[in-house]
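Visitor: I am new to this structure and would like to learn how to read it one feature at a time. Could we start with the place where the chains meet?

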Amino acid sequence: MTRRERRWRGAVAASLLLAVAGLATRAGVLVVVAAVPLCYLAADALSTPPGHEGLVARRRVHPTPAAPERAVRVTLEVENGSDRTLSDVRVVDGVPEDLAVLEGSPRGGEALAPGETLTVRYAVVARRGDHAFRPPQVRVRGVAGGVHETTRLETAGDATLVCRLDAGAPPIDAHGDRRVGRLAADAPGSGVVFHSVREHRPDDPADRIDWRHYAKRGELATTNYERRVAATIVLVVDARRPNRAVVAPGHPTAVEVSAYAATHAAADLLARGHDVGVAALGVDGDGPGGVAWLPPAAGAAQRARALDILAELPGDGRGDGEQTAESSSAGIDARALLGALPPDAQVVLASPLLDDPPVEAVETWRAADVPVTVLSPDAVAENTVSGQHTQLRRRTRLARVQSTGARSVDWRRGTPLAVVLEAADLVAAKSAATSAGRPAGGGGR
Amino acid sequence: MSVVPLLDSPSAVGDEGRPRATSLAVVSAALAALVTAVGFRVGQPDLLLSLGPFAGLAAAGLALLDRRRFVHQFFGHALLTWFGMPLASLIVLAPLLGPVPVTVAGLAIALFGLTATWSDTGDRESLRRGLYATGRVTVATWLWLVAGLLAGGAAVLLVVLPTSGDPDLSSAVVVFCGVLVVSTAGALVGLRWLPLRHLAARPRRARVAATVRRLQLATGATMAAAVLVGGATVVAPAGSWISGAAGGWGAAVATALTSRVTVGVVVGLAGTVLLAGVLARGARFVANRGDPTTRDRLAAGLAGFPLAVIVLVILPFVGPFGLAVVAAVLGAQVLMLVLLSVTYVAADLEVVPDRAGAPAMVATGLLLAAIAAARVSPPLTVVCVAVACLSWDLSTFGLGVTAELGHRPRTRRLVLVHGLISVAVGTVTVLAVLALEALRPFVGGSALPAFVVAAGAFLVVATLRG
């Protein structure tokens, strides 16, 4: 599409003014000089766009697939493959509408000699789903800049940003030992880490006989190791409507981030041999309290089922017409969920804690002595007074969660999930070492 | 925190409104060279240094009016009016003085337009703010003048008149009592408005309040005594009892009562208390109404105060110089108001695109300078027009780049290439026009051949554009 810009409409008026002034004052130079604006006008009129043929575009998107809220770097290169200089090339990359530009600008402009390349670098925030980039819009002007030609360039390289909840999660078959979990128990048994030595019994396996003990004292003894047991963990994702909030346009919702954390947790726990179940609050299903529910189990099939449920969680408050308003915005039926939990099960709740029902649910579960861990992604923008008030209330809820004896993890924006969990583990270990016997808690900031 | 506001904050630079810095740098260099050349031609080599600060600081004031803080508003009002008034006077009065001042005035407009482009203040909204600010400062100046004249009149009434002449003892007592009554009344008002108790430390507040009450009682008693003594002196037979009371010291007492030291001390003390009270009352009024309007009015009031002081200081020296200064200060404000009004109306009528207001100001100023320079130096005329076209071309190109790509991408090379092409077109055009101008006397000596050339160019372009 070719268009002419009308920057020189005033040139004719200026020329006429100069000519009239020259005639009125009988100053010939003014009449002569009236030609100067017209010359600029003529140069503008004679300038034609050189065409975009020869421009070659290539885009790189890294990393893809990416996890939600991860900064993804995009590099767009437009090379002048023709044999003539293009004095004015402007490029705007076709950023997917759902994504927000976090850093840099998807726009650029340059004068390109033959073989030169215009590089546009920027970063976007990943959101769940496949996001297709539109072809970049390129505008080429002639030397005087009066006429421009606009087109969309076919682009080589990456054309899609794939954002998956299980991006980076460990595959279950590679590391999982399937049968025995890695939760250390106080009771001795078979395992790897040394626990104690006891008298040998005839039915003890031969590979646990402490032969050094026998060599020293002439008596058979059996080595005990820390027994590893499998745990039962239910991942509860708070996908109710109030939690489908975003920090800023183009950023993933708190539900997406919670689902991402739950996906990682499910993959990791299943890989370690634990039984894992999933409950999605705010999503209709046949589980306890009418929520989507996957009973705890282990194995690769369980992982696939869990990821299916987590991938189906509503991404935002708009495109979820199937969800009834009642089910998605009501409170949490914590007692029904409690009834469905197997004995000795633990609960991991992923919720941004934007309202009180999750806290009340944690209080209910803790009253029944169920170990609870709350992972709370931060979905509150603090650049307004109301945002600061909301953040204050959220931190109050985190404190309430801690006061019940649950372990809470405050996942601040921009911090990778692995770093948050590692820090939480360190804090929990330190806390356990210094205050043995007290109920576990803390871990969050 | 710096007291003097800086212009490099995003609010001054603007978001999407200003052309690219590279294009403005090229325009600035061309305009600076042109102004310097004109300065050398008219015998004033420091013309750029003379005009530049006024244009730059006036535009800076216009930019600061966009800010919210009081200190920014004060500097905005002050810079715009203090440095804009001389520019406005030059621009409006230059046609009365000849072609060279008109050329200089055109260059002043162009420099102001350039600095306004840099600070992104050439749009309609900025002009409206500037117009209102100038109006506020003008009103404030006049109010300060009225207040100053009233204070001067009171000083004459209370100090100069009573101390002139050689009155007898009765007259001296009556006059002094009159001065005392007016002064104590003013002091009582001042004491009532001064927040002495509030300013004292909390443990001392009761003591300070008691002292203030005693002061008020003493002042009131002094006023009552003055009324009684003055009234008795007027009512009683002239000079009988008072002369008797004074005995042989009558003349000395009369001289002491009507001396400037005595009256000056009384009036000075009371005036100081009254002024402090009025200032405290005004500050409280402003603080209680912390809305933007009050902030702007206070800033304008402070900016207008020095102007009123200049007028009041010069006013007593009646003569050509004094009148000229008073007329310059007061008249320049009106001229500035008129100039800003005309510019604002032009912007409001969208004679030029809103965002291109400041570049249009540059081009208009240079065209004006070119027309005036025709009688000073024809080559300068040609260069003025070429620089006007160059500045318009680069500024609007830079505006387009900003509008399409935003401020983030680096586009220096893109803009420089366009600037190079524009300079080349201008250079070729100037050389061609100068050649034509050189040949013109040989071709016919009149303007007709040139007009034919210009008309031909116009027709060619019109044909090309379809």
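Guide: Let us begin with a term: a salt bridge is a side-chain nitrogen of Lys or Arg within 4 Å of a carboxyl oxygen of Asp or Glu. Please keep in mind that this is a predicted model. By that rule, 5 salt bridges are found across the interface of chain A and chain B.

Visitor: Which residue of chain A forms a salt bridge with Glu404(B)?

Guide: The partner is Arg141(A), and the closest N and O atoms of this salt bridge are 3.0 Å apart. Salt bridges that share partners join Glu404(B) and Arg141(A) with Asp88(A), Arg90(A) and Arg139(A) into one network. Another salt bridge is formed by the side chains of Arg413(B) and Glu116(A), at 2.6 Å from N to O. This pair crosses between chains, with Arg413(B) in helix H17 of chain B and Glu116(A) in the loop between E6 and strand E7 of chain A. Arg413(B) is partly exposed at a relative accessible area of 37%, and Glu116(A) is partly exposed as well, at 27%.

Visitor: How should I read the size of such an interface?

Guide: The size of an interface is often given as the accessible area lost when the parts come together. Here the area buried between chain A and chain B is about 4,100 Å², and carbon and sulfur atoms give 72% of that area. The contact takes 50 residues from chain A and 46 residues from chain B, and between the two chains there are 12 residue pairs in polar contact, both residues being at pLDDT 80 or more.

Visitor: Which elements of chain A each supply at least two residues of the side that touches chain B?

Guide: They are helices H1, H2 and H3 together with strands E4, E6 and E9 of chain A. The largest share of that side, 11 residues, comes from H3(A). Sorted by class, the side of chain A that touches chain B has 31 nonpolar, 8 polar and 11 charged residues.

Visitor: Is Trp392(B) buried or exposed?

Guide: The cut-off to apply is that buried means under 20% relative accessible area. Trp392(B) has a relative accessible area of 16%, so this residue counts as buried. Trp392(B) lies in helix H16 of chain B, which spans residues 378–405. Not counting residues up to four places away in sequence, Trp392(B) touches Arg7(A) and Trp8(A) in chain A, as well as Ala356(B), Pro359(B) and Ala360(B) in chain B.

Visitor: Which residues have the most contacts inside the largest nonpolar core?

Guide: That core has 93 residues, and those with the most contacts inside it are Leu34(B), Leu107(B) and Leu366(B). The element that gives the most to this core is H16(B), with 12 residues. Leaving out residues up to four places away in sequence, Leu34(B) touches Leu107(B) and Leu366(B), and also Leu380(B), Val383(B), Cys384(B) and Val387(B).

Visitor: How can a salt bridge be read when both partners belong to one chain?

Guide: Arg240(A) forms a salt bridge with Asp355(A), the closest N and O atoms being 2.8 Å apart. Arg240(A) lies in the loop between strand E15 and helix H6 of chain A, and Asp355(A) in the loop between strand E18 and helix H10 of chain A, so the pair ties together parts that are 115 residues apart in sequence. Arg240(A) counts as buried at 1% relative accessibility, and Asp355(A) counts as buried at 15%. In chain B, the side chains of Asp66(B) and Arg129(B) meet in a salt bridge of 3.5 Å, N to O. Asp66(B), in the loop between helix H3 and helix H4 of chain B, and Arg129(B), in helix H6 of chain B, are 63 residues apart, and their pair links distant parts of the chain.

Visitor: What does His148(A) touch, leaving aside its neighbours within four places in sequence?

Guide: His148(A), which lies in strand E10 of chain A, is in contact with Met1(A), Thr2(A), Arg3(A), Glu5(A), Pro49(A), Arg139(A), Val140(A) and Arg141(A). A polar contact of 3.5 Å also joins the side chains of His148(A) and Thr150(A). At 5% relative accessibility, His148(A) counts as buried.

Note on methods:
Residues are numbered from 1 along each chain as its sequence is written. Chains are lettered from A and ligands numbered from 1 in the order in which they are written. This is a predicted model: local features need pLDDT of at least 70, side-chain atom pairs count only at pLDDT 80 or more; totals for chains, interfaces and linings use all residues. Side-chain values use heavy atoms; hydrogens and water are left out. Contact means heavy atoms within 4.5 Å. Buried area is the accessible area (1.4 Å probe) that two parts lose on being put together, summed over both. A polar contact is a pair of N or O atoms within 3.5 Å; within protein, one must be able to donate a hydrogen and the other to accept it, and residues adjacent in sequence count only if both atoms are side-chain atoms. Helices (H or I, at least four residues) and strands (E, at least two) are DSSP runs, numbered from the N terminus. Ala, Val, Leu, Ile, Met, Phe, Trp, Tyr, Cys and Pro count as nonpolar, Asp, Glu, Lys and Arg as charged, and the others, Gly among them, as polar. Buried means under 20% relative accessible area, exposed over 50%, partly exposed in between (1.4 Å probe, protein chains only). A nonpolar core is a set of buried Ala, Val, Leu, Ile, Met, Phe, Trp, Tyr and Cys residues joined through side-chain atoms within 4.5 Å.
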